[in-house]
Amino acid sequence: MTPVDLIVLRSIAGVAIIFAALWSLCLLLCREWVKSDLRARSLEPLSVRWRPFANWGGFYGYCFLARFVDVSGVVREGRCWTGGFKRR
């Protein structure tokens, strides 16, 4: 491999790493949106887990399975999603 090839490969790897980092941060932001929405509805989130192959959020949506405690103290489970950089 020539030095030019190494520079090109390093540049492509850098772009891929930046893309993966931004995608991960977007996923974390959507997870926090779900948790804050549950808190706004007077529910206490216990766990919010990402479901990568779930189909209830559409093609561009991030799907989550949330466990939370409702007002009466009962632990419930619900499906949540955020889609396409939109807070829902």
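A nonpolar core is a set of buried Ala, Val, Leu, Ile, Met, Phe, Trp, Tyr and Cys residues joined through side-chain atoms within 4.5 Å. Buried means under 20% relative accessible area, exposed means over 50%, and partly exposed lies in between (1.4 Å probe, protein chains only). The model in these views is predicted: local features need pLDDT of at least 70, side-chain atom pairs count only at pLDDT 80 or more, and totals for chains, interfaces and linings use all residues. Residues are numbered from 1 along each chain as its sequence is written, and side-chain values use heavy atoms, with hydrogens and water left out.

**View A. The largest nonpolar core holds 13 residues.** Among those with the most contacts inside this core are Cys-30, Val-34, Tyr-62 and Phe-64. Helix α1 (3–40) and strand β2 (61–69) each supply at least two of its residues, and α1 gives the most, with six. Helices (H or I, at least four residues) and strands (E, at least two) are DSSP runs, numbered from the N terminus. In soluble globular proteins, nonpolar side chains tend to be buried together.

View B. After the helix comes Ser-42, with a positive phi near 65°.

**View C. Thr-82 sits in strand β3.** Thr-82 counts as buried because its relative accessibility is 1%. Leaving aside residues up to four places away in sequence, Thr-82 touches Cys-30, Trp-33, Val-34, Gly-61, Tyr-62 and Phe-64 (contact means heavy atoms within 4.5 Å).

**View D. Salt bridges, of which the structure holds four.** A salt bridge is a side-chain nitrogen of Lys or Arg within 4 Å of a carboxyl oxygen of Asp or Glu. Glu-32 pairs with Arg-31, the closest N and O atoms being 3.8 Å apart, and with Lys-35, at 3.7 Å. Lys-35 and Glu-32 are three residues apart in α1, so about one helical turn separates them. Lys-35 is buried at 17%, while Glu-32 is partly exposed at 39%. Asp-37 bridges to Arg-41 with closest N and O atoms 3.2 Å apart; Arg-41 is exposed, at 57%. Shared partners join Arg-31, Glu-32 and Lys-35 into one network of salt bridges.
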